[in-house]
Amino acid sequence: MNLPNMQNAKKRTNKEVLYIYDNIKSSSIFKDKKYYIKTYGCQMNVHDSEEIKGILENIGFKETDKFEDANLIILNTCAIRENAHDKVFGFLGRCKHLKKEKKDCIIALCGCMAQEESVVNEILSKHKYIDLVFGTHNINELPKLLVQKQEDIKINVYSKEGEVIELGEIYKRDSKYTAWVNIMYGCDKFCTYCIVPYTRGKQRSRKSEDILKEVEALKKIGYKEITLLGQNVNAYGKDLENEMDFGTLLEKVSKTGIERIRFVTSHPWDFTDKMIDVIANNDNIMPYIHLPLQSGSNRILKLMGRRYTKEEYLELYRKIKEKVKNVAITTDIIVGFPNETEEDFNETLDVVNKCKYDGAFTFIYSPRENTPASKMEDSITLEEKEKRLQRLNEIVNKYSKENNEKYINTYQKVLLIGESEKDENKLYGYTETMKLVNVECSKDLIGNIELVKITDAKSFSLDGVIENA
Ligand code: 5AD
Ligand code: SF4
């Protein structure tokens, strides 16, 4: 992408960045100003928003959940599919309206959409009320950009990623019990349909010592569960010299003694036997793996650039199931990749019928700007794609429910996170296998890991009680 004010990320150390924050904080210009943040997309974005919140509070801002009260509104956006784009522009309509009444309110857009040239051009030409656009590579510059805003430099997006900057525990974490821990940023896989390598840049792993320090610190302040986060966690370390691989990192994280460890997302191509053994042999690594399939057809997998065949995927799946006791496996599937035939689609259904996933996120293929797949011709109608998605979902939901039903009358360790949204007399939490459970119990138990008897099962959740409570 090539736009006005575009440059590569500047080289800065964490000390320099924190020094700038301190200066801005002591000037008190943002003292008691309020921000409202809306987050779209994946866990990576959710965690980026935790960082943005932490940075803003560090320089004096306070969070508000009332959009109308905010002095600063931030939209942290997702670009993975077209509908994410539509949602953001829908919300921007509300921002435009607000800005008419509240002229000094700052409207900012960041995240993956900010790294798309067409979006930035659209903002420059049609959405003049947006004050600031910053990208995925310069979140740490936000305080400086807010101070400079008066100079009317709207677009602050870098086309190239810089080095990983460690700001320490700056995050304002959404939960007191479960925490995200980034282990790497970006992705080098370049699956042909995917925009992530363009919006998030090339893979950059954090140093293992920084990751371990963060996990130790989280454990010390009472966190029960951490999720190691990255677009392709099992490629961890491949971009650094003399760094450990993901299996070794997992083992070291396990040794910190934190109660529960999870990780997302895994690419089947980078999954090694060693990783499976480490997961199988350490009780605090949770038996839950998200293993994106995308398609079951070898022809489509090749066109997608996924680097594995249906047979290799099934063999990996078999090994994981065999070695990791009671493991739950979920997946991502795309239907309607350019020119996906009925036979290709049936191959996907065949894998689903063989794997009987605990759950699956299913998507209709959405062409993304500048990706190789977006240049492929496609003769399949949207109507046909929608029908396939519906057929797939029926099968996926059937297996989710069947898997969940197997939990009835079993006892599961559940980390209780908070009050259930649907029923205030219940708490919700997750089993080791990442099943959502609604539990009838006292609110005093929030933050505990309790033994829960499962009483009922639905496609997407379980019900349970704590006996003798
Ligand atoms: N269209 C549809 N789904 C996509 N995904 C990624 N890119 C696209 C696209 N262009 C899906 C993949 C991925 C998940 C996060 O989103 O299944 O695993
Ligand atoms: Fe996208 Fe493929 Fe990287 Fe996942 S592994 S983020 S689908 S390019």
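These are my notebook entries on a predicted model.

**Ground rules**

I am working on a predicted model, in which local features need pLDDT of at least 70 and side-chain atom pairs count only at pLDDT 80 or more, while totals for chains, interfaces and linings use all residues. Residues are numbered from 1 along each chain as its sequence is written, chains are lettered from A and ligands numbered from 1 in the order in which they are written, and side-chain values use heavy atoms, with hydrogens and water left out.

**Salt bridges**

I started with the charged pairs, taking a salt bridge as a side-chain nitrogen of Lys or Arg within 4 Å of a carboxyl oxygen of Asp or Glu. The search of the whole structure gave me 36 salt bridges.

I looked up glutamate 63 and lysine 172, whose side chains meet at 2.6 Å, N to O. This pair links distant parts of the chain, 109 residues apart: glutamate 63 is in strand E2 (residues 62-63), and lysine 172 is in the loop between strand E6 (155-156) and strand E7 (178-182). For the element names I rely on DSSP runs numbered from the N terminus, helices being H or I with at least four residues and strands being E with at least two. Glutamate 63 is partly exposed at 35% relative accessible area, and lysine 172 is partly exposed at 28%. My scale here: buried is under 20% relative accessible area, exposed is over 50%, and partly exposed is in between (1.4 Å probe, protein chains only).

Next came aspartate 245 with lysine 274, a salt bridge whose closest N and O atoms are 3.5 Å apart. Aspartate 245 sits in the loop between strand E10 (225-229) and H8, and lysine 274 sits in helix H9 (residues 273-281), so this bridge ties together parts 29 residues apart in sequence. Both ends are partly exposed, aspartate 245 at 34% and lysine 274 at 35%.

Then I went to aspartate 344 and arginine 299, where the closest N and O atoms are 2.7 Å apart. Aspartate 344 belongs to helix H12 (residues 342-355) and arginine 299 to helix H10 (residues 298-304), so the bridge ties together parts 45 residues apart in sequence. Buried or exposed, I asked of aspartate 344? Aspartate 344 is buried at 6%, whereas arginine 299 is partly exposed at 39%.

I also noted a network: salt bridges with shared partners join Lys53, Glu57, Glu63, Lys172 and Asp174.

**A positive patch**

Which lysines gather in a patch of positive charge on the surface? I find Lys321, Lys356, Lys398 and Lys406 there. Patch members have over 30% relative accessible area and no salt bridge, with like charges joined within 9 Å and nonpolar side chains (Val, Leu, Ile, Met, Phe, Trp, Tyr) within 5 Å. I checked lysine 398 in particular: this residue lies in helix H13 (residues 382-405) and is partly exposed at 44%.

**Aromatic pairs**

I count 11 aromatic pairs in the structure. In phenylalanine 190 and tyrosine 198 the ring centres are 5.5 Å apart and the planes stand at 80°, so this pair is edge-to-face. The cut-offs: rings of Phe, Tyr and Trp (its six-membered ring) pair if their centres lie within 6.5 Å, with planes under 30 degrees apart stacked, over 60 edge-to-face and the rest tilted. Phenylalanine 190 is partly exposed at 41%, and tyrosine 198 is partly exposed at 35%.

Tyrosine 428 and tyrosine 430 are edge-to-face too, 6.3 Å centre to centre with 90° between the planes. Tyrosine 428 is partly exposed at 25%, and tyrosine 430 is partly exposed at 25%. I also have one aromatic cluster down, made of Phe30, Tyr35 and Phe61.

Most residues other than glycine have a negative phi, and most peptide bonds are trans.

Where did I find a cis peptide bond? The bond from valine 264 to threonine 265 is cis, with omega near -5°, and threonine 265 lies in the loop between E11 and H9.

Serine 28 is not a glycine, yet its phi is positive at about 60°. Serine 28 is in the loop between helix H1 (14-27) and strand E1 (34-39) and is partly exposed at 39%. Aspartate 32 also has a positive phi, near 60°; its place is in the loop between H1 and E1, and aspartate 32 is partly exposed at 45%.

**Isoleucine 258**

I ended at isoleucine 258, in the loop between helix H8 (246-255) and strand E11 (260-264). Isoleucine 258 is buried, at 0% relative accessibility. Isoleucine 258 and threonine 431 are 173 residues apart in sequence and 16 Å apart in space, C-alpha to C-alpha.

Note on methods. Accessible areas come from the Shrake-Rupley method with a 1.4 Å probe; for residues, only the protein chains shown count as cover. Lys and Arg count as positive and Asp and Glu as negative; His and the chain ends are not counted. The place of a charge is taken as NZ of Lys, CZ of Arg, CG of Asp or CD of Glu.
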